[in-house]
Amino acid sequence: MLRTNAVNNTLMKVFVIGATGYIGGAVAQGLVGDGHQVLGMARSEQKAAQLQARGIQPVLATLYDRRVIEKTAASADAVVSAADSDNAYTVTALLGALRDSGKWLIHTSGSSIVGDRAEGHASDAIYDEESRPAPRLEKRARVAIDEAVLGAASDGVRSVVICPTMVYGVGQGLHEHSVQVPMLARLTREYGAGVHIGPGKNRWSNVHIEDLVNLYRISLTEVPGGTFLFGANGEAALRDIAAAISRRLGFQGRTVGISAEEGIHRVGAEASEFALASNSRVRAVAARALGWRPRHDDLLEGIDSGAYPV
């Protein structure tokens, strides 16, 4: 039976692409706990065996095994795509397999689509589902994929795009840790101080992984096709996150600002310019209107208390 925030008790066969990852793994595990039959993609026999041990039926394939993806998607009642927000090949296969089926396709995007290139400076711009800006050139491909998924509602697909913000918390799948906070923790250990880009006044909205999983649960109910949902419940400046990590790792809250160029050399262009140096401030207005009630809203407290280990 569906758990928190669900509006019906229908059990389904759900194909999760990204079941060995952080978000997809947590969603897959949550759906197994709800009683659904879950099929999870794995790229290796080792990962397949690990999924099997967790009650997830493994599907051995990569994101480019189109025929396997199409066949498995067609056999399922719903598909959750949570492996690669920028992979148009996988989405193309799913859209073809699910056309005129009336089945769910829940695609995972990411809120860097509203990001600027602020180099650590603050911005007052805040967006919701109905006020998304035109994306920067670097993010147009991802937004085009999102729009293709949303547009599939006119082709008989119950399509939803979930757009998480900075996700934190220990995942319940095979992969327990997210991207941004662990990246900052690694940099903190390297520098002996919390690291931010420039002044670190840029802010990101955030969401706890448990609350995010519940948003996927809601999306697998009677949410209409063509729905876009932000996942956000709180926000913090990157300098404050860096200071919290510094305290937790024993560096007394010391922080250091580095340039975006140095960040690129350390973690790559995408991570430096968007994951660490941009503003991504959103409000989950549509998600809340559907009944989403997140419980976690303090990333900084979670780091300071050790509830979210770094």
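Two residues count as being in contact when they have heavy atoms within 4.5 Å of each other. Keep that in mind for the whole tour, and remember too that the model on your screen is predicted.

**Stop 1: a serine in helix 8**

Select Ser 246, which you'll find in helix 8, residues 238-248. Show whatever touches it: setting aside neighbours within four places in sequence, Ser 246 has contacts with Thr 188, Gly 194, Phe 251, Gln 252, Gly 253 and Arg 254. Is Ser 246 buried or exposed? Its relative accessibility is 0%, so Ser 246 counts as buried.

Now colour the rest of helix 8. Its buried residues are Leu 238, Ile 241, Ala 242, Ala 243, Ala 244, Ile 245 and, once again, Ser 246. Step off the end of the helix and you come to Gly 250, which follows helix 8 and has a positive phi, near 90°.

**Stop 2: a loop alanine**

Next, pick Ala 193, in the loop between helix 6 (180-191) and strand 8 (194-197). With a relative accessibility of 8%, Ala 193 counts as buried. Beyond neighbours within four places in sequence, Ala 193 is in contact with Leu 187, Thr 188, Phe 251, Arg 254, Thr 255 and Val 256.

**Stop 3: zoom out**

Along its principal axes, the C-alpha trace spans about 55 × 40 × 35 Å.

Buried residues make up 52% of the 310 residues. Among contacts between residues at least 6 apart in sequence, 79% join residues at least 24 apart.

**Stop 4**

Seven of them form an open sheet in the order 3-2-1-4-5-6-10, with parallel pairing. Strand 3 (57-60) and strand 10 (227-231) are at the edges; each has a single partner strand, so one side of each is left without a neighbour in the sheet. On average, neighbouring strands here are turned by 20° against each other, direction ignored.

Zoom in on strand 5 (residues 104-108) and strand 6 (residues 158-164), which pair in the parallel sense over five bridges. Which residue of strand 6 stands opposite His 107? That's Val 161.

While you're here, click Ser 81 in strand 4 (residues 78-81). Ser 81 is buried, with a relative accessible area of 4%.

**Stop 5**

Another open sheet has three strands in the order 7-9-11, with mixed pairing. Its edge strands, strand 7 (166-168) and strand 11 (235-237), each pair on one side only. Neighbouring strands in this sheet are turned by 40° against each other on average, direction ignored. Strand 9 (residues 203-208) pairs with strand 11 in the antiparallel sense over three bridges, and Ser 205 stands opposite Glu 235 in strand 11.

Select helix 7 (residues 209-219) as well: it lies across strand 7 and strand 9, at about 70° to strand 9. Helix 7 also lies across strand 4, strand 5, strand 6 and strand 10, running at about 165° to strand 6.

**Stop 6: the nonpolar cores**

Finish inside. The largest nonpolar core has 67 residues, and those with the most contacts inside it are Phe 15, Ile 23, Val 80 and Leu 212. Centre on Ile 23: leaving out neighbours within four places in sequence, it is in contact with Ala 82, Pro 164, Val 167, Ile 209, Leu 212 and Tyr 216. A second, separate core of 25 residues includes Ala 185, Ala 236, Ile 245 and Ala 271. Ile 245 takes you back to helix 8, where it is among the buried residues.

Definitions and conventions: Residues numbered from 1 in each chain as written. Predicted model: local features only at pLDDT ≥ 70, side-chain atom pairs only at ≥ 80, totals over all residues. Heavy atoms only, no water. Pairing = 2+ DSSP bridges. Helix = DSSP H or I, 4+ residues; strand = E, 2+ residues; numbered from the N terminus. Axes fitted to C-alpha atoms, helices over the stretch in contact; angles between N-to-C directions. Buried < 20%, exposed > 50% of the residue type's maximum accessible area, 1.4 Å probe, protein only. Core = buried A, V, L, I, M, F, W, Y, C linked by side-chain atoms within 4.5 Å.
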